[in-house]
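Please open the model in your viewer and keep the selection tool at hand. The tour below goes from one selection to the next and says what is found at each stop.

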Amino acid sequence: MSFRIAVAGSGPAGLTFARVLRRKGCAVSVLERDPSPAARPPGGSLDLHEGLGQLALDKAGLLAGFRALARPEGQAMRILDPGGAVLRDWRPGPGERANPEIDRGQLRDLLLGGLDVRWGWEVAEVVPRGDSAAVRSADGREEVFDLVVGADGAWSRVRPAVSAARPAYAGVTYVETSLDEVDTRHPDLARLVGDGAVAAYGVNRGVVAQRGSGGHVKVYVQHRTPPGWLADVDPGDAEALRAGALALLDGWAAPLLDLVRRGTVFVRRELHVLPVGHAWPHVPGVTLLGDAAHLMPPLGAGANLAMLDGAELAEAVAAAGPDGLDGAVRAFEERMQARAARWAARTAAGLERLVSADPAGAVAVFDEVQPS
């Protein structure tokens, strides 16, 4: 028996779910509010872990394609103090592939493959109906499915069908900027960042720069602060955001400041999270994946868990008999929620230590996660 299945969102969770489901011979409708894949910048770089994101890609039959695109050298990490002194300088050994990097855009294109995505299909709400659920679009359309999967991120439109939880401010705000063609235009900063990332931490603040492909570098200035830091700045005023970030880092080494001084587009982001251990009473016909289910601090786990969520749910759905869909989804939710709770607690504790009044705690976190 074939089920009518829809997934809202074409991020890593939704696309992995759809790719594995299609590999199993099952039809799925991918509903995405963006009008096209190029509607907005895809973001920076992701490290995909062997037992999480890479496992999900293996289930989707895409591991070889990932390895052809991934950057094992991107696992390198250097930690400086605010004065520019090197505290740690870790580089991966030959053949080290525990957490290779890949650009978000490259990963999206790999997962999209030949999937049939309904671009411009914005979900407004999902209404459970017994053993099924109706999806209503922002322009008034409605379709009924046996299963609607919410993989539509932090501010999910599907989540209210199963949970009243909403993301809360995590205590840290970012100012993000970018450097392009860093190897030719900014060779001094290319050497500073190296093949992977460089970070420095002060009291309740930090700066992280991460290399992507093609000489692209993302820079993140982090501040532990009550909500509202730089909120009065016009989001389109790059110079005001640059000035605010530089003021936070006043007195830091010139090369670290240059990561911000030479940035182009600036974006301010307040980090939000769902409660650690977020769970919901099972609702037939609806479930959640990724950030919609377990939004957590961006410390390398979220996308990995989202992809594994998608792969495992797809396998469960494909294996379900004519009367077994609801039970398969219920069992998946129990496994996923328990795993996500462990990672959410770990990443919440990590954010508390990385951006804190004790900068030495950030170095200790780095020591704990790097191979010995």
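**Salt bridges, then a helix pair**

The count of salt bridges comes to 25, where a salt bridge is a side-chain nitrogen of Lys or Arg within 4 Å of a carboxyl oxygen of Asp or Glu. The model is a predicted one, in which local features need pLDDT of at least 70 and side-chain atom pairs count only at pLDDT 80 or more, while totals for chains, interfaces and linings use all residues. Residues are numbered from 1 along each chain as its sequence is written, and side-chain values use heavy atoms, with hydrogens and water left out.

Select E143 and R118 to begin with, whose side chains meet in a salt bridge at 2.4 Å, N to O. E143 belongs to strand 10 (residues 142-145) and R118 to strand 7 (residues 117-119), so the pair ties together parts that are 25 residues apart in sequence; helices (H or I, at least four residues) and strands (E, at least two) are DSSP runs, numbered from the N terminus. E143 is partly exposed, at 27% relative accessibility, and R118 is partly exposed with a relative accessible area of 27%. In these terms buried means under 20% relative accessible area, exposed over 50%, and partly exposed in between (1.4 Å probe, protein chains only).

Next, select E125, R129, R136 and E142, which are linked in a network of salt bridges. Within this selection, the side chains of R136 and E142 meet at 2.9 Å, N to O; R136 is partly exposed at 29%, and E142 is partly exposed at 37%.

Move on to helix 8 (residues 254-261), where D258 and R261 lie three residues apart, about one turn of the helix. Their side chains form a salt bridge at 3.1 Å, N to O, in which D258 is buried, with a relative accessible area of 15%, whereas R261 counts as partly exposed at 42%.

Finally, select helix 10 (residues 302-319) together with helix 11 (residues 325-354), whose axes come within 9 Å and cross at roughly 160°. The two helices are therefore roughly antiparallel to each other, a description that applies to angles over 145 degrees. To see the contact (heavy atoms within 4.5 Å), show L305, L308, D309, E312, L313, A316 and V317 of helix 10 with L325, A328, V329, F332, M336, R339 and W343 of helix 11. By class, this contact of helix 10 with helix 11 has 11 nonpolar, no polar and three charged residues, with Ala, Val, Leu, Ile, Met, Phe, Trp, Tyr, Cys and Pro counted as nonpolar, Asp, Glu, Lys and Arg as charged, and the others, Gly among them, as polar.

Key. Axes fitted to C-alpha atoms, helices over the stretch in contact; angles between N-to-C directions. Parallel < 35°, antiparallel > 145°, perpendicular 65-115°, else oblique.
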